[in-house]
Structure formats: C-alpha cells, structure tokens
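Trainee: I would like to go through this structure with you. Can we take the sheet, then the pockets?

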Amino acid sequence: FIHDVNAQGASFIAKEPEPFVKSRQVTDIDVDASGRVYVSAWAGASFKGHNAKGYVESYIPEGLEYKPFPKLSKVSEQELLKYLASESQTARVDAQQEILAREVTHLLPAISAQAKDTNLSLAARVAAVYTIAQLGGQEALPILEKLYPIIVLREHLVRCMSDQLGMAKKADTTLLIKALSDPDDRVKVAAAVALGRTGNKSVAPALLALANPSAINPDLL
C-alpha cells in the first residue's frame, strides 16, 4: 500500500492507504536510479527460511525508459552535481554519498548554486542543502545563513544549522530566534529544536515567550 499524507500544521495527517502492488509477506522494497521497483517477500518461508519459498519481484512503470546508472566513484565532479540534482531520490542520495566520500569542499559554491536554482525540483534543492551541511561542517554555517531568505528551504536550513552539535553551538541564535515567528509552523518547530541544541541558556526567554499557560489543561499536569 501507499500511505500518502497531507500537511497539517507542523505535522501531517494520513490519507486513506492506496493499493500499490500485489505481494505477500514483504520483507523489503527498493527503487533503482532508473525508477524500477524491487520487492522481496518471504512468502511462507518462515523465520528460518526455506529454499523453495520466497522471491524478489521487479515492477517497471509503463513507458519507463531504462537508463543505466554509472559507478559514481568513476564519474567526474560535474556529473556528480548533475546526479545530485536528479529527479531520482536514489540518484541524489548516491551522488551525495560520493561527494561526501571525496571530501570535495571546493564544490560548496556550486552546490549552493543548485540550492538556489528554481529550475530544479524542491527535492533536489533540499538535497543540496543537506549536502552543504554535511560536506562543509562548521564552514557551512555562513552558506546556510545566506540561503535563509529562500522560504521553501527555510525549514531544512534551520535544521541543518543545528543538526551537528558542533555547528549548533556556533549557529546564529539571532537568526534562529527570528525563525520562531516564521509563518510556517514547521519552521517554528525546527527553530525551537535548534535553539535547544545550541545549549545557549540566553535563548530561553525567546522560547518561553511562545508559551501559553492559559491553554494548558490542568488535568494533564
């Protein structure tokens, strides 16, 4: 089944599940960079396994044009950037991991440019943001702060500023406090978590200012 969701405040609400593929006792599912889905099922093989039971199936969307995916350790840096901007989540993750493995920090400006590129999908731009944070470490903070005005990336930028504790302790608390009043509830939640991770007690008043004691049910105390 596909369990899709709709945004609701800072969280989500589930839609009715929709049938996806007919299989039984599924153990795992994966998607390759070309869009082919693989499903493994034990199908009665039990916990100990059985040589005559269990299988792996592939599901191919109608009209899919298969495109071979290269060994990323052998491609150029420019090709890695191309795959980081792919429509395929699998390709983006694999490209990100290869970029991090190569420790190519000189690509930070190019990856930042992809985060700004409105011609790319939001998913690809978000992938660029997380790559910046992981590749640059504390040196990524100024880059993330410059990207902060981009509204659709703000939730992820705030998260990345504090995801690593070393970065969180050096994050711009003024910017994070500003994010507490963002129109987007998800940005507010990310900011509250980020401020806690900074370990800076001086930000406590900003968090307390959001509290509404009158709305607390005394029966829950």
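Trainee: Which residue in β4 does Val31 stand opposite?

Mentor: This is a predicted model, where local features need pLDDT of at least 70, side-chain atom pairs count only at pLDDT 80 or more, and totals for chains, interfaces and linings use all residues. Residues are numbered from 1 along each chain as its sequence is written, and side-chain values use heavy atoms, leaving out hydrogens and water. Strands are DSSP runs of E, at least two residues, numbered from the N terminus. In β4, the residue opposite Val31 is Val37.

Trainee: How many bridges join β3 to β4?

Mentor: Two strands pair if DSSP finds at least two bridges between them. β4 covers residues 37-41 and runs antiparallel to β3. The number of bridges joining them is 5.

Trainee: Which strands stand at the edges of the sheet?

Mentor: The open sheet has 3 strands in the order β3-β4-β5, with antiparallel pairing. An edge strand has a single partner, so one side is left without a neighbour in the sheet. The edge strands are β3 (26-31) and β5 (55-59).

Trainee: How much space lies in the largest pocket?

Mentor: A pocket is an open set of points on a 1 Å grid over the protein atoms alone, where a 1.4 Å probe fits, with protein on both sides within 12 Å along at least five of seven lines; lining residues have an atom within 4 Å of a point. Points are joined across faces, edges and corners, and a volume is the space filled by probe spheres set on them. The lining includes Glu65, Lys67 and Phe69. The space is about 230 Å³.

Notes. Helix = DSSP H or I, 4+ residues; strand = E, 2+ residues; numbered from the N terminus.
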